[in-house]
Amino acid sequence: MGLLADSQEGGGKGSSWVGGGVINSLIRRKQVDSVHASSSGHQLAKALSVPHLIAIGVGSTIGAGVYILVGTVAREHAGPALTISFLIAGIAAALSAFCYAELASRCPSAGSAYHYSYICVGEGVAWLIGWALILEYTIGGAAVARGISPNLALLFGGGNSLPAIIARHQIPGLDIVVDPCAAILVFIVTGLLCVGIKESTQAQVIVTTANVCAMSFVIIAGGYLGFKTGWAGYELPTGYFPFGVDGMLAGSATVFFAYIGFDSVASTAEEVKNPQRDLPLGIGASLFLCCALYMMVSVVVVGLVPYYAMDPDTPISSAFASHGMQWAAYIITVGTITALCSTLLGSILPQPRILMAMARDGLLPPFFSEVNIKTQVPMKGTIVTGIGAAILAFIMDVSQLAGMVSVGTLLAFTMVAISVLILRYVPPDEVPLPSSLQGSIDSVSLEYGKSGQGRNGEQSKVKVGTSMVDDKPLLVKEDASDILNEENRRKIAGWTIMLTCVGAFLLTYAASNVALPSSLRFSLCGVGGTLLLSGLIVLTCIDQDDARHSFGHTGGFICPFVPLLPIACILINMYLLVNLGTATWARVSIWLIIGVLVYVFYGRTHSSLRHAVYVPAAHADEIYSISVSSVA
C-alpha cells in the first residue's frame, strides 16, 4: 500500500490556465462523502423513507404524456404490440436504475449523477453533467407547468373557461403567449418545497396517489369494457405486429422517455434515513410500479379501440367515449392534471440540491449551498430555481425546447453507467485531503519511511510520490512485481473502458446516420462493434479491483452482471442521444459552451480541490485519526 502525497494546486509551477493547470483541474476527483467530510452550514433533514421515495419516483416519472403517448405510439409504430414496447423500454430503463442504485447506496449525496461523475471520472465531466441537469430541470419544470392550464380549462368546460386573470393571453404586437396560471403554479410548488422536505413529500404522496387512482380506473373500467365487448383492438387481420418488430422497437425508443424521472430519487440521498437500504428500494420499486401501470393501461386501451382508429390527442378519453362513457373524460382529465402537478414537484425538487452540491464543491457561488436552519432545505437555491422556472413558464412556449430535457438525463444515465465500470475496475486509489492536514500526512510518511511497516506491524509497500511542484520522488518502498502487475491491470482496464465507450458511439452514430455513404457507414459500424465486443470480452476476463469492496459506503446494493449490464446501458443511452436530432444538439451546445466559460472563469479557480493534497485511500483514515488525536 503506497503513500502518495500530491498537491493539485494550480497544476504545478509555471503552469498557465491554458496549459497543465486546466488539464489537472479537469481530471481531479473528489472523495466520497463520509464522516470525515464536513459540509459548511446546516445539514439537510433526514426525513425520508421508502414510501416517500416511491412517491417521488412515481410522481416524477408518470407525467401527462402517458395519457397521450399510448395513442401516438400505437398509431405510428407499435399497434397492439404497444405493451411489449413499454416492457422493452422498462427493461432498458432498469439497466440505468441498477447502476443508479449501486452508486446511490455507495455515494449517498444530493449531487446524484454530478456527484458520482466527480468521484469516478473527474471535475470537468462532473461540471458538464451538473450544468446539463440544471438545464433539464429548469426547462422540464417550465414545460410541465405550461401544460397544466389547458387541462384545467378542459376540466371546467372548455378553452376559455378559466378566469381572465390566470388564463393565457397573447401580447399584442409580439408573438408571445403568456401563461399566468403556469407561473402561479410554479410559485406554489416552490413555496411548498421551501416549507420542508417531509411536508413537500407528503403533498407528493397525495397527488401521486390521485394520479395512480385515475390510472387504476382506466385499467379496471377499461378491462370490464374489454371483456364485455370482446377486445376489438386485438381482433385485426394485421395481427399483433402490424408494423413488424422494427416498429415495435421504434415504439420502445419513443416510450423510453416516459420512464425518465426515477433518477430524482437519487438527488434526495442526504435526506433519506437509511440510504444504503432505502435508495435502491425506492429507485427499483418506483420504476417497477411505473412499468406495471404503463403496461396495464396500454393493454386496455389498444384492446378497446383498433390502433388505427385511436385519437392521437385524447386516446384514452375517446376510447371510453366510443363505448358510451363520455363522463370518463373528467376522471382522465383529473388524472392528467395530478400527473402534471406531481411531475412539476419532481422537476423542481432535485435542482436546488444539484446547485447545493456544486456550490459545496466551490464550482458555484456559496449562496446556493446555504441550508435554512428551520426548514433544513436549500431555500435560496429553491427560490432561485422557482423564479427561473416561473419566468420561463410565463413568457415562453418551451415545447420546442422539450428535447433539451432529454439530453441532460441521457448524459447522466451514460456517465452513471461509466462510473460503475470505473468503480469496479479502476476505482480511485487516491483521495483528496485538505492542505490543513499536511502535518499529519508528513507524520505518516515519516513513520512508514523509518519502519517500513504499517501501524499494525505488517510489512507495507510505501510510496510517497511526486509533488506537482517538485518532480523528485520523496520516498519509494514497494514490491515492484506486485505493483507492476496491478498497474498493468488498471491500465488495461482503463483503456478498455475508454475504447468501449468510443466503440459504442461509433456504432450508434453510424447505425443511425443513414445519410453516410454506405461504405463509410458499414466501416464505422464494424469498427465500433469490434471495439464494443472486444471491450466486453476483456473486461469479463480481467479481475475487478479488490478496492471495490471498501469503496464508499459499503453494505448497500451491488449492480449485477458487470460489465455486461453497464455496457448495454451505455449503448442504449448513446443511441438515444445520437437520435435526438441536430436542432436539439445545436440548442444544447449553446448552453454547454456557456457552462464551459463559467467553469473556466469561476468554477476552476474556486474549486474546493484546488489546494487538496492527494494520498492513497488506504491511508486516509490513518491520517484523519492522527489529525484528531493531535487536536485532542
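Which residues does Leu-536 touch, not counting residues up to four places away in sequence?

1. **Leu-536 and its partners.** The model is predicted. Leu-536 sits in helix H19, which covers residues 518-541. Leaving aside residues up to four places away in sequence, Leu-536 touches Pro-563, Leu-564 and Ile-567. Take Leu-564 as one of these. Leu-536 and Leu-564 are 28 residues apart along the chain. Their C-alpha atoms are separated by 6.7 Å.

2. **Met-415.** This residue belongs to helix H16, residues 402-425. Is Met-415 buried or exposed? Its relative accessibility is 13%, so Met-415 counts as buried; the cut-off for buried is under 20%. Met-415 touches Ser-117, Val-121, Val-125 and Ile-129, again not counting residues up to four places away in sequence. Now look at Cys-569. Met-415 and Cys-569 are 154 residues apart in sequence, yet 10.0 Å apart in space, C-alpha to C-alpha.

3. **Helices H3 and H4.** Two packed helices are described by the angle between their axes and the distance between the axes. Helix H3 spans residues 66-78, and helix H4 spans residues 82-106. Their axes come within 10 Å and cross at roughly 105°. H3 and H4 are therefore roughly perpendicular to each other, since angles of 65 to 115 degrees count that way. On the H3 side, the contact is made by Val-70, Val-73, Ala-74 and Ala-78. On the H4 side, Leu-82, Ser-85 and Phe-86 take part.

4. **Glu-102 and two arginines.** Side chains of opposite charge can pair when their charged atoms come close. The count here comes to 12 salt bridges. In one of them, the side chains of Arg-106 and Glu-102 meet at 3.0 Å, N to O. Both residues lie in helix H4, four residues apart, about one turn of the helix. Arg-106 counts as buried because its relative accessibility is 6%. Glu-102 is buried too, with a relative accessible area of 0%. Glu-102 also forms a salt bridge with Arg-424, at 3.0 Å, N to O. Arg-424 lies in helix H16 and Glu-102 in helix H4, so this pair ties together parts that are 322 residues apart in sequence. Both Arg-424 and Glu-102 are buried.

5. The side chains of Asp-545 and Arg-490 meet in a salt bridge of 3.1 Å, N to O. Which parts does the pair tie together? Asp-545 lies in the loop between H19 and helix H20 (564-578), while Arg-490 lies in helix H18 (residues 480-512), so the linked parts are 55 residues apart in sequence. Both Asp-545 and Arg-490 are buried. Salt bridges that share partners join Glu-486, Arg-489, Arg-490 and Asp-545 into one network.

6. **A nonpolar patch on the surface.** Now turn to the outside. Phe-187, Ile-383, Ile-387, Ile-391, Phe-394 and Ile-395 form a nonpolar patch on the surface. Together they have about 510 Å² of accessible area. Compare Met-415 in helix H16, which counts as buried at 13% relative accessibility.

Notes. Residues numbered from 1 in each chain as written. Predicted model: local features only at pLDDT ≥ 70, side-chain atom pairs only at ≥ 80, totals over all residues. Heavy atoms only, no water. Patch = residues over 30% accessible without salt bridge, like charges linked within 9 Å, V, L, I, M, F, W, Y side chains within 5 Å. Areas by Shrake-Rupley, 256 points an atom, 1.4 Å probe, with all protein chains shown as cover. Salt bridge = Lys/Arg side-chain N within 4 Å of Asp/Glu carboxyl O. Axes fitted to C-alpha atoms, helices over the stretch in contact; angles between N-to-C directions. Helix = DSSP H or I, 4+ residues; strand = E, 2+ residues; numbered from the N terminus. Parallel < 35°, antiparallel > 145°, perpendicular 65-115°, else oblique. Contact = heavy atoms within 4.5 Å. Buried < 20%, exposed > 50% of the residue type's maximum accessible area, 1.4 Å probe, protein only.
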